[in-house]
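Visitor: I have a model on the screen and a few questions. Can you take me through it?

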Amino acid sequence: MKLSKTRRAVFAGLVLLFALPLFVAAQSGEIVLKWPCIWVGKDSKAPAIAEIVAAFNAANAGKIRVEIEPQPDYNAYEQKVRTAIMAGMAPGDIFTLKLNASTKDFYTSKLLLDFNEDLTGDWRKSFDAGAVTQSTIRGKLKTLPFETAILPIWYNGDLMKKAGVAKIPATMDELWAAMDKMKAAGMYPSSQMSGDTNAWTSMIWFSWFAVSNGGPDVWDKPFTDKAFVDAAKTIKRIFESYTTPDAIGAGAGVSGGHFLAGRTVIFSNGPWYAGRADLKATSFFPSITIAPVPSTGGYKNILISRLQANIAAGATADKARHDAIIKFLKFLTNKPNMARLAEVSGGMYAVNSGFVPKDNELQKQFYDMANKGYETAADLEAALGAEATLEFTQQLSALALGKITPEQFCGLVEKKIDR
Amino acid sequence: MTKKKGANHPWIIVYMLPLAVFFTAFFIFPLVFNVSTSMMKWKGGGEMTWNNFANYGKLFQDDTFLLSMKNNVIWALSQGFIQIPLATIVALILARNPRGWKLMRTIYFLPNVISTVAIAKVWTALYNPQFGVINGILKSLGLGGARNWLGDMSTALPAIILMTVIYIGYFMIIILASIMNIPKELYEAAEIDGATKMQQEFRITIPMIRGTLATAITLAMAYGMRHFETTYLMTGGGPAYSTSTMGIALYLKMDALRYGEASAAGIILILLGTLVIVAIRRALGKSDPMTEAAQ
Amino acid sequence: MSKNRAEKGFNPKAAAFGFMKWFTLLFFLAIAILPFLWLVVNSFRTNLELETAPFGFPARLSFENYRNAAVTADLARLLLNSVIVAAGSVILNLVIASMAGFILSREKFRGRDAIFTIVTAGVLIPIISFMVPYFWMVTTFGLYDKLVSLIFTYAAINIPVSVSLITTFMRAIPKELEEAATIDGCGFNQRFAKIIFPLSRSGLATAGTFCFIYAWNEFVMAMLFTSSVKSRTIQLGIRFFTSQFITDNTGMFAAIVLSIIPSVLVYVILHDKIISGLTAGAVKG
């Protein structure tokens, strides 16, 4: 039996129970588009987003008005998007979500607008083709790729020099040797963590290992595949010998704090971290170099990257409203606006604006790496979704503590993958 | 449920009406909704389809969920039987009005006012193996001091449970308010009979506040049963699920858009909680305010 | 009220007892005040200082975080909203719970115990699992982005705690008082208004405090049911320091410290005035 009927009956019952008057919003000639938006307050994109919206509203005065509803706290925002959709309402006319194996279930909802018919011609060409393909699920394009990221590892050059490591390790053997030297010099070689819901920094390392062992399509293989077992062995070795004593159970704040404090030499994160004011204030900031994790298997030159934020819109039967939404999104994603966004935030976007960072050397390194034309592959969280990532995180602690073998570890994660 | 057969006074219905309306809207209706969705496949805003008890079956086959259930029982018992005795001791002392008791009463309550986010941050830092104060103290006492309290599967749960004693102020004020309602004459009479203060506490105070203590234990166990936020912020349920609770499992199911399973987890939580609390109340026997009131 | 306080001579048993007493009091005092002190100290530090050395002292005293908190978060408006929401929900909650508590503690009828048990069992419910139905209710009844949605929700969520506390306190009131009043010609409503309600003040104050603290600190529903500053509470202001990738912890701590002050004031007022006032006189056995 289909539920919508039952659900409606339950809800209708409640309405009768209360028999309260319903309020109907008054309609005027102007189309108001609500955008519950996380890029407000202290967010680095906030000033550019505010400018873009103001410019659009000025140009369309009396016809279309985009209204930003400021949403603090990213997790809570995701919760609100989820709750609204589950309660049968679009969270806004425009909103954003992180597209991964879990959130792709939203594509089954009728509340989201399908961009397929609108994303054509030059507008389509302005987007990164790979990102559009990644955002297309069973022929539907219910979100537009917007913010992207590559996830390399970072080296503190000053500490490397102090430890007597002359160059960025290009092979795993070199990496092990370099980390031994760092240890000998009294440093913790790398920032690792198995806390939070995704073991963020260590999940990035693991993704590199898995992809270089099994290729860019490795996530389609069963998790018990040798590529994953070997990756598990490698990450276990790092946890056992080459990280801080608090790594097991640590959250992203602890892992990042160690790098910021100069206690660890190698770190992993996306381009946004390069924009941190407190990182820029450190003495070692100019010495930071980013690089891919050395290949552990047969595949080389594949970058781990992800869609960080996709734009979604509320489906509507009203043609004028639909056109207004598209008009705004076209404006938002035009070249000058995207260049402005990239400039203030240092983030990376699925729309190529031709922007290259000038004053932040580290952010420039991200752009250079992304523009090398390497093949890209998703990270574990994006590829496998929330439940498998949680299992990965929890069992990573058990693996690092020696409570389970790499084979058992992979077997446990496999059970949580929903295919 | 709000029809009161045999009610001999029409005012009873009037007085109960606001409760009936609000409780139905905010508890009964959502509960009915959740019981329905717990028997459905419902994820990601797509169609909802009945799958009967499949969600429950999945949860009961999941070792980590079973571990969460066990942890919740530990939480409920520790909240009821560590928090409440401690809160009672402090309340008994404060009720005798020692110097500065009003200020102390306010300070004891302070942690309940501070956002959990901040509390979790302090305690995560306190337990940190490298720069945490707890390891620092242990080291200076020569008692080791290299343990990763929250990163060790055997110490993480006790560490978080121990931390929650900072919240005793919550129950302390219930108990203190109840003690202060005891007529002073009872103590004066006991004093004349030559009873020591300790004897007065056991002969007068404790029996007089028995109903309140039972309520406090019930509340504390219920809070323990649905415990979620502090652990989620401190360990996320790790390492290796050793601190996971049903509340965390429920939250993470919602995070993964498995709403049907999340509803089932919520229903199991309520049923298990009722079971534990009823069992404890039975075991405590006479302390049950219901049986007391019936007499 | 001190009875036999002055002990003559040295009594080792009393000294040991006194030591234990003060040790207990001060131990819990220390762990209760520690998080607050840590918050205050760190609200004067920078994020780099916090992340690299969580237990240090500020290198220099700077009020920048406080200035930021006041500017970034539109604090005055949010505080006003929080006051309205907290006061509204406490009043609504206490009206509902005291009326029901009166019946549940003083009247006898079939099904009474069942009602009490069911309402109390509400304490067990993980409210987070009710987000979808709550959100649906709020939007369907046109209460979205209105303060009243939060007032109703907070008052309702606290019903189980308040009803169980208030009923327990009302039960402790001696029956003789009520009987005497009935003989004096007090009706049903007067019994409630003149006897039971005033005599259960300490229970009401306690339940009211819990409801206030909940309403003041609640975040998830406040985020879910509102979209603009006209209906948002202080907790959302605090979270403006948490952006997508970077959390300004020390800035957030400053906002938290500011937001704690009103709750402490309410607590002190409710307890010093109401409960202490009660114990000073009033109760006649």
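Guide: Let us begin with one loop residue. N128(B) is found in the loop between α5 (116-127) and α6 (133-140) of chain B. Helices (H or I, at least four residues) and strands (E, at least two) are DSSP runs, numbered from the N terminus. This is a predicted model: local features need pLDDT of at least 70, side-chain atom pairs count only at pLDDT 80 or more, totals for chains, interfaces and linings use all residues, and side-chain values use heavy atoms, without hydrogens and water. Residues are numbered from 1 along each chain as its sequence is written, with chains lettered from A and ligands numbered from 1 in the order in which they are written.

Visitor: Is N128(B) buried or exposed?

Guide: Buried means under 20% relative accessible area, exposed over 50%, partly exposed in between (1.4 Å probe, protein chains only). N128(B) has 6% relative accessibility, so it counts as buried.

Visitor: Which residues is N128(B) in contact with, leaving aside neighbours within four places in sequence?

Guide: Contact means heavy atoms within 4.5 Å. With those neighbours left aside, N128(B) touches one residue of chain A and one of chain B. They are D246(A) and N135(B).

Visitor: How many residues of helix α4 of chain B are buried?

Guide: Helix α4 spans residues 101-109 of chain B and is mostly covered. Its buried residues include W101(B), M104(B) and R105(B). The count is 7 of 9.

Visitor: Which strand pairs with β7(A) in the antiparallel sense?

Guide: Two strands pair if DSSP finds at least two bridges between them. I153(A) has S268(A) in β7(A) as its bridge partner. The antiparallel pairing, over 3 bridges, is with strand β5 (residues 153-156) of chain A.

Visitor: Which strand runs parallel to β7(A)?

Guide: Y188(A) stands opposite T264(A) in β7(A). There are 2 bridges in this parallel pairing, and the partner is strand β6 (residues 188-190) of chain A.

Visitor: What is the radius of gyration of chain A?

Guide: Chain A has 16 helices and 11 strands. The radius is taken over C-alpha atoms, and the globule rule is 2.2 Å times the number of residues to the power 0.38. For 419 residues the rule gives 22 Å, close to the value for chain A, so the chain is as compact as a globular protein of that length. The radius of gyration is 23 Å.

Visitor: What share of chain A is buried?

Guide: The chain has 419 residues. Buried residues make up 58%.
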